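Please read this briefing alongside the sequence and the 3D structure.

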Amino acid sequence: SIASGPSWLVASTTPVVPPSHSFRRAKEDAYTSVIIDTQGLGVVRAMSPKILRRDGSEVWGTVKVDYDFLADHGIVAYARTMGEAYANSRAGDNPLVLRAVKRGSSPYKCDAVLSDSDAEYLMSEDQRSGFLKDYRVIFLVGGN
């Protein structure tokens with residue numbers, strides 16, 4: 001609940017070292033977050049970015065959130081390196097890593113578009129552990 005805040009706000013976890021291979025890992029443990037690699041796609045920071053499918057339909061991003069929480073933390077965290085993303089308190093010890101296929105068409109240049117298969121995988125894994133409702137979303141930004 002927003003009253004007590006997301007678990008990552010109070011969790012004190014040791015940063016996890018990213019694996020040598022970066023993307024989707026086959027692991028039986030439930031994922032603790034999602035890291036979406038948007039490097040090189042021109043995605044920029046924003047207060048309320050969205051995760052979209054190729055057809056532009058929303059996977060996640062339209063959420064009800066306390067304005068103070070939004071102003072202080074945002075619904076998405078941003079990182080410039082994979083190591084920084086893994087070290088973020090939102091990541092937890094088993095983040096799902098996905099690569100965006102392009103930037104969304106919003107004039108704000110802040111939305112990440114996933115392949116249809118990755119979008120479905122994200123939704124099915126979120127049903128298992130509910131990390132999206134806890135705002136455990138990190139966008140990897142920057143790059144050429």
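Predicted model: local features only at pLDDT ≥ 70, side-chain atom pairs only at ≥ 80, totals over all residues.

Residues are numbered from 1 along each chain as its sequence is written, and side-chain values use heavy atoms, with hydrogens and water left out. Helices (H or I, at least four residues) and strands (E, at least two) are DSSP runs numbered from the N terminus, and two strands pair if DSSP finds at least two bridges between them.

**Strand β1 and its partners**
- Strand β1 (residues 33–37) pairs with β8 in the parallel sense over four bridges, and Val 137 in β8 is the bridge partner of Val 34.
- Five bridges also join β1 to strand β5 (residues 95–99), again in parallel, with Leu 98 in β5 as the bridge partner of Ile 36.
- Five of the five residues of β1 are buried (under 20% relative accessible area, with exposed over 50% and partly exposed in between, for a 1.4 Å probe and protein chains only), so the strand is largely enclosed by the rest of the structure.
- On one side of β1 the buried residues are Ser 33, Ile 35 and Asp 37, and on the other they are Val 34 and Ile 36.

**Strand β8**
- In a regular strand the side chains alternate between the two faces of the sheet.
- Along strand β8 (residues 137–140), Val 137 and Phe 139 point one way and Ile 138 and Leu 140 the other way, and all are buried.
- Strand β4 (residues 77–79) runs parallel to β8 and is joined to it by three bridges; Leu 140 in β8 is the bridge partner of Ala 79.

**The four-stranded open sheet**
- An open sheet of four strands has the order β3-β2-β7-β6, with mixed pairing.
- Because β3 (58–60) and β6 (102–103) stand at the edges, each with a single partner strand, one side of each is left without a neighbour in the sheet.
- Strand β2 (residues 51–53) and strand β7 (residues 112–114) run parallel and are joined by three bridges, with Leu 114 in β7 as the bridge partner of Arg 53.

**Helix α4**
- Helix α4 (residues 116–129) lies across β2, β3 and β7, running at about 130 degrees to β2; axes are lines fitted to C-alpha atoms, for helices over the stretch in contact, and angles run from 0 to 180 degrees between N-to-C directions, where contact means heavy atoms within 4.5 Å.
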